[in-house]
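The following exercises ask the reader to examine two ligand sites step by step. Each task is followed by a worked solution.

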Amino acid sequence: MQEPRLYTWRNGWFRWSVLGVSGMTVAALLVGLIWLPSLQSDFTAKGVWDSICRAAGVPSEWIAQGKWPSASKGTTQVVLTSDMARAGAGDAIGRGATIAVQQCSMCHGAQGMSDANAPNLAGQYPEVVIKQLHDYKRGDRASAIMQTLAQRLSDKDITDIAAYYDSLPKARAAIVQAGEMDAPALVRVGDPLRNIVPCVSCHGGIDHKIGAPWLEGMPKEYLLKEMKAFASGARRNDSFAQMRNVVRPLTSQELDSVAEFYARREPAAGSR
Ligand code: HEC
Ligand code: HEC
């Protein structure tokens, strides 16, 4: 006896199950991609792809602006290590000095002390110089001039330059060593009620966090510009948003007073 063939149009069971599945698929597409989205007021039918994204839960404003959040642009990719913070050897310092005198001193000063509003580099922690130059090189910190210059530096150039600047005397002593008790409260103790950590707990004084720059004696204009850039999010290369979180709640008066304080080149009279 021959068995009846299963998968043939003449088999009624087969015919109806194919028609049934096709029908359900069409109905599901109509409901999911046209009817349900059309009930949402912000729906704009720009195509099947948008509809599928909406159905998968993508917020409509991403599609509308045509931009997807990018994970890393403008945030740092440098991982700070204790190696970077180590003082450089004599030959590294010598090589760094040669590059610095030729390419950097017209803005950062002959001895790393800027007379213009560029940051001082004298006595800056080596890991800070290394990290910032890599951030400029990758475009994670914006500055037309520094991005162009950093692009031409090799990794070795960068560590040698950092060793050279580390070997130069700093603009002035740390505020706690100078015993300046007239420092603004934000600098000394922060503001616990607003969850603001004191500057001295990262920037030196009480403690130094790896990667936090030496600030004492920096030009006031520069300090203010950087803090405002962190506050607005224009500068986002601080690891773990450490600086953005500190400066966002500060008023412009507070920013001005901490910048004024750190910019002093001499400790206030009678504060020793
Ligand atoms: C034409 C002027 C100019 C020259 C030349 C220049 N710089 Fe700069 N540099 C600046 C300015 C301005 C800034 C601050 C830019 C900003 O706002 O990010 C800066 C920032 C930096 C910083 C970040 C400092 C910090 O505290 O965050 C480093 C490091 C640096 N420069 C290193 C160098 C090195 C190394 C060279 C030489 C290869 C160099 N610069 C040459 C103007 C200059
Ligand atoms: C939690 C640690 C932390 C605290 C608290 C903190 N900072 Fe910072 N700050 C950093 C780090 C880290 C950087 C370097 C960010 C980077 O890698 O670009 C930085 C960068 C800066 C810069 C940019 C300097 C430069 O040369 O690029 C300024 C200005 C600054 N801080 C000021 C302050 C002031 C003023 C306070 C107190 C009101 C403060 N910071 C509190 C960690 C801190």
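The shell around ligand 1 takes at least three residues from domain 2 (75-170) and at least three from domain 3 (172-272); these domain bounds come from an automatic or database domain assignment. The model is predicted, with local features requiring pLDDT of at least 70 and side-chain atom pairs pLDDT 80 or more, while totals for chains, interfaces and linings use all residues. Residues are numbered from 1 along each chain as its sequence is written, chains are lettered from A and ligands numbered from 1 in the order in which they are written, and side-chain values use heavy atoms, with hydrogens and water left out.

**Exercise 1.** Determine which residues and helices surround ligand 1.

Solution. 
Step 1. A residue counts as near a molecule if one of its heavy atoms lies within 4 Å of it. By this criterion 20 residues surround ligand 1, and the closest are Cys104, Cys107, His108, Met146 and Lys225.
Step 2. Sort the shell by class: 13 residues are nonpolar, four polar and three charged. Here Ala, Val, Leu, Ile, Met, Phe, Trp, Tyr, Cys and Pro count as nonpolar, Asp, Glu, Lys and Arg as charged, and the others, Gly among them, as polar.
Step 3. Assign helices, which are DSSP runs (H or I, at least four residues) numbered from the N terminus. At least two shell residues come from each of H5 (105-108), H6 (126-138), H7 (144-151) and H10 (220-232).
Step 4. List polar contacts (pairs of N or O atoms within 3.5 Å).

**Exercise 2.** Identify the protein donors of the iron atom of ligand 1 and the geometry of its site.

Solution. 
Step 1. Donors are N, O and S atoms within 2.8 Å of the metal (3.2 Å for Na, K and Ca); water is not among the atoms, so sites may look incomplete. His108 (NE2) and Met146 (SD) coordinate the iron atom at 2.0 to 2.3 Å.
Step 2. Six donors count as octahedral if opposite donors are over 155 degrees apart and all others between 65 and 115. The six donor atoms of this iron give angles of 86 to 178°, and the site is octahedral.
Step 3. Histidine 108 belongs to helix H5 and methionine 146 to helix H7, so the pair ties together parts that are 38 residues apart in sequence.
Step 4. Both histidine 108 and methionine 146 are buried, that is, under 20% relative accessible area (1.4 Å probe, protein chains only).

**Exercise 3.** Which backbone atom does the side chain of aspartate 238 reach?

Solution. 
Step 1. Aspartate 238 is placed in the loop between H10 and H11.
Step 2. Aspartate 238 is buried, its relative accessible area being 10%.
Step 3. Its side chain reaches the backbone nitrogen of methionine 243 at 2.8 Å.

Note on methods. Four donors count as tetrahedral if all angles lie between 85 and 135 degrees; four count as square planar and six as octahedral if opposite donors are over 155 degrees apart and all others between 65 and 115; anything else is irregular. Buried means under 20% relative accessible area, exposed over 50%, partly exposed in between (1.4 Å probe, protein chains only). A polar contact is a pair of N or O atoms within 3.5 Å; within protein, one must be able to donate a hydrogen and the other to accept it, and residues adjacent in sequence count only if both atoms are side-chain atoms.
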